[in-house]
Amino acid sequence: MPGNNYNGNSGIPTSRVERLLRDRELRKSNRSSHLNEATDSSRTNEAFEYEHRLREEENLGNSYVQQYLEGAVAARALTEGCERHDEKPFRQRLLVVANRLPVSAVRRGEESWSLEISAGGLVSALLGVKEFEARWIGWAGVNVPDEVGQKALTKALAEKRCIPVFLDEEIVHQYYNGYCNNILWPLFHYLGLPQEDRLATTRSFQSQFAAYKKANQMFADVVNKHYEEGDVVWCHDYHLMFLPKCLKEYNIKMKVGWFLHTPFPSSEIHRTLPSRSDLLRSVLCADLVGFHTYDYARHFVSACTRILGLEGTPEGVEDQGRLTRVAAFPIGIDSDRFIRALEVPQVQEHIKELTERFAGRKVMLGVDRLDMIKGIPQKILAFEKFLEENPSWRDKVVLLQIAVPTRTDVPEYQKLTSQVHEIVGRINGRFGTLTAVPIHHLDRSLDFHALCALYAVTDVALVTSLRDGMNLVSYEFVACQDSKKGVLILSEFAGAAQSLGAGAILVNPWNITEVASSIGQALNMLPEEREKRHRHNFVHVTTHTAQEWAETFVRYMEYGLVSCN
Ligand SMILES: O=P(O)(O)OC[C@H]1O[C@H](O[C@H]2O[C@H](CO)[C@@H](O)[C@H](O)[C@H]2O)[C@H](O)[C@@H](O)[C@@H]1O
Ligand SMILES: O=c1ccn([C@@H]2O[C@H](COP(=O)(O)OP(=O)(O)O)[C@@H](O)[C@H]2O)c(=O)[nH]1
């Protein structure tokens, strides 16, 4: 990995270990001051919970530090087979299994395919992972019924180190549109089941769940076919909660990790799911279970204790002496990629065009998949309120909203599209003039360079997710703002609020009045304060990268295996 020295014995980046040692000291002093502030009688649950979190975090840090100091062999994967330090290190083979491959396939002819990068945070983060000899296993986002097409696509994908799982239309309908995106997704984001078809959903639940299990088995079959001894298998997200069980049933020695990119909701929500126990038991077959935040990890452990009656420990969940480790691994981005992109002539050209186009106006930006969790209607309504209450800003600010189409076959998403169009039209009609409108709404994705240019010219980024596992858009915005030092308004319900909260203006997206006044605060913020807030976030984004996230998770997985009965 560029910029990191490796300790010859442990294979752990020296800079990372130094930072872990520093962080550990810092955590210790934070903990004592935090707990000292609480008198005996006021030692609230919050203080205890805080200490518990720090302990967990410290345990994680300690195990790294321990390895470094002892030159342990636990990270052997990197160095195995290396006699001398100057030899090229062994690279751990990693099978990344996610519903979606990082590329989507478009058929151009019987045997001809073109591949395009898929949009979404999971893809962006994993593209930044360079440490491992990684292969992706997943769905190419397209139905390929014929053998000729399947062979040609498999070949095209192999060049990108991708291995397809072929899902037919019916399975996609029941598993992806149905169980994943109409049941698990809204539930995990505290949105409940779609109101109108609640009964219909309840009726179709069994067939969708059967399709979900079948699809997970199809992923497992492809993993099994490509697995080699010593590989680490890293399963991703709510689409594949059954996968750890399928894999361990096939090969108990396989090292299996599972990471959830969405929130894991309170056990009170999870217990409403008819398949609540089956899903938990399957996930527990993994050796390591990871989440973006401690809250999500805590909710998962509570669900296992309350629903399955198992024992929660500071390290994870125990079932008859078998431990499944559970921990928080907050994701990051490949920040260098964004910072470097700003120097590319094409991006500079874009920046120049945008600056001229919006001269005299402050630019506000929203970048989201057009998903109900992103709170796009709430954001636009808050912007309307701001314009309503601040007439002097009406011709001095513009909101650019990039709304990337997603899951377009799911009825709830179709309804959302019409709803957003209706609101944008109304506001532009209300505040627009013959020459300018306050909201530019784009129903499409942008290429990487256009996106970077947009991030760079923005004065205020507005992230109003009602719930969001992490939200990488907020990280990407910060990475591209080192010249401008714009302001980030960030929902307190995004995982990113826990890492970027000190630099951002945090808001409750349901409170439109609060968001509107935050817009005013951000637009009027003095340069010194913007600088200070930006610095805090920039340091975080550039030091907690996607590479480090993956490294940490995979190394942590090395420490123990569990069996699954
Ligand atoms: O694959 P799609 O159905 O088109 O959806 C795109 C992805 O959306 C979700 O992303 C999550 O992962 C991000 C990275 O960890 C995180 O920042 C964000 O908060 C999540 O919403 C989903 O979890 C992915 O599986 C999808 O590929
Ligand atoms: O036109 C676009 C808009 C967004 N993105 C990417 O989509 C991801 C969105 O990730 P986030 O974690 O914010 O949310 P998710 O969509 O995964 O829920 C980010 O990496 C963006 O760079 C993209 O590739 N093209």
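The questions and answers below concern a predicted model and cover its ligand site, salt bridges, backbone and selected residues.

Visitor: Which residues are the closest to ligand 1?
Guide: In this predicted model, the shell around ligand 1 holds seven nonpolar, eight polar and five charged residues. Together, 20 residues surround the ligand. The closest of them are Arg-100, Tyr-176, Asp-237, His-261 and Asp-468.

Visitor: Which residue has a polar backbone atom 3.1 Å from an oxygen atom of ligand 1?
Guide: Arg-407 approaches a ligand oxygen through a polar side-chain atom, at 2.9 Å. The contact at 3.1 Å instead uses a backbone atom, and that atom belongs to Gly-469.

Visitor: What percentage of the area of ligand 1 does the protein bury?
Guide: An oxygen atom of ligand 1 lies 2.9 Å from a polar side-chain atom of Arg-407. Taken alone, the ligand exposes 560 Å². Of that area, the protein buries 96%.

Visitor: Which elements give two or more residues to the shell around ligand 1?
Guide: One polar contact of ligand 1 is with the backbone of Gly-469, at 3.1 Å. With the protein burying 96% of the ligand's area, the elements that contribute two or more shell residues are α4 (121-127) and α6.

Visitor: Where does ligand 1 lie in relation to domain 1 and domain 2?
Guide: Domain 1 comprises 4-328 + 547-556, and domain 2 comprises 335-543. Both give residues to the shell around ligand 1, so the ligand's place is between them.

Visitor: How many residues apart are Asp-459 and Lys-362?
Guide: Asp-459 and Lys-362 form a salt bridge, with 4.0 Å between the closest N and O atoms. Asp-459 is in the loop between α16 (448-457) and β15 (460-463), whereas Lys-362 is in strand β12 (residues 362-369). The pair links distant parts of the chain, and the separation is 97 residues.

Visitor: Which helices hold Arg-426 and Glu-384?
Guide: Arg-426 and Glu-384 form a salt bridge, their closest N and O atoms being 2.7 Å apart. The pair ties together parts that are 42 residues apart in sequence, because Arg-426 and Glu-384 lie respectively in helix α15 (residues 411-431) and helix α14 (residues 376-389).

Visitor: What is the relative accessible area of Glu-384?
Guide: Arg-426, at 38% relative accessibility, counts as partly exposed. Glu-384, its salt-bridge partner, is buried. The relative accessible area of Glu-384 is 7%.

Visitor: Which helix holds both Glu-531 and Arg-535?
Guide: Glu-531 and Arg-535 form a salt bridge, with the closest N and O atoms 3.9 Å apart. Glu-531 is partly exposed at 34% relative accessibility, and Arg-535 is partly exposed at 33%. They are four residues apart, about one turn of the helix, and that helix is α20 (residues 527-543).

Visitor: Which residues are linked with Arg-91 in a network of salt bridges?
Guide: The structure holds 29 salt bridges. In the network that includes Arg-91, the other residues are Glu-133, Arg-135 and Arg-161.

Visitor: What is the phi of Tyr-190?
Guide: Most residues other than glycine have a negative phi. Tyr-190 lies in the loop between α6 (169-188) and α7 (198-226) and is partly exposed at 28% relative accessibility. Its phi is positive, near 60°.

Visitor: Is Lys-485 buried or exposed?
Guide: Lys-485 also has a positive phi, about 55°. Its place is the loop between α17 (472-479) and β16 (487-491). At 14% relative accessibility, Lys-485 counts as buried.

Visitor: What distance separates the C-alpha atoms of Trp-549 and Ala-359?
Guide: Trp-549 is in helix α21 (residues 546-557) and is buried, with a relative accessible area of 3%. Trp-549 and Ala-359 are 190 residues apart along the chain, and their C-alpha atoms are separated by 39 Å.

Definitions and conventions:
Residues numbered from 1 in each chain as written. Chains lettered and ligands numbered in written order. Predicted model: local features only at pLDDT ≥ 70, side-chain atom pairs only at ≥ 80, totals over all residues. Heavy atoms only, no water. Buried < 20%, exposed > 50% of the residue type's maximum accessible area, 1.4 Å probe, protein only. Near = heavy atom within 4 Å. Polar contact = N/O pair within 3.5 Å; in protein donor to acceptor, adjacent residues only side chain to side chain. Areas by Shrake-Rupley, 256 points an atom, 1.4 Å probe, with all protein chains shown as cover. Nonpolar A, V, L, I, M, F, W, Y, C, P; charged D, E, K, R; others polar. Domains from an automatic or database assignment. Salt bridge = Lys/Arg side-chain N within 4 Å of Asp/Glu carboxyl O.
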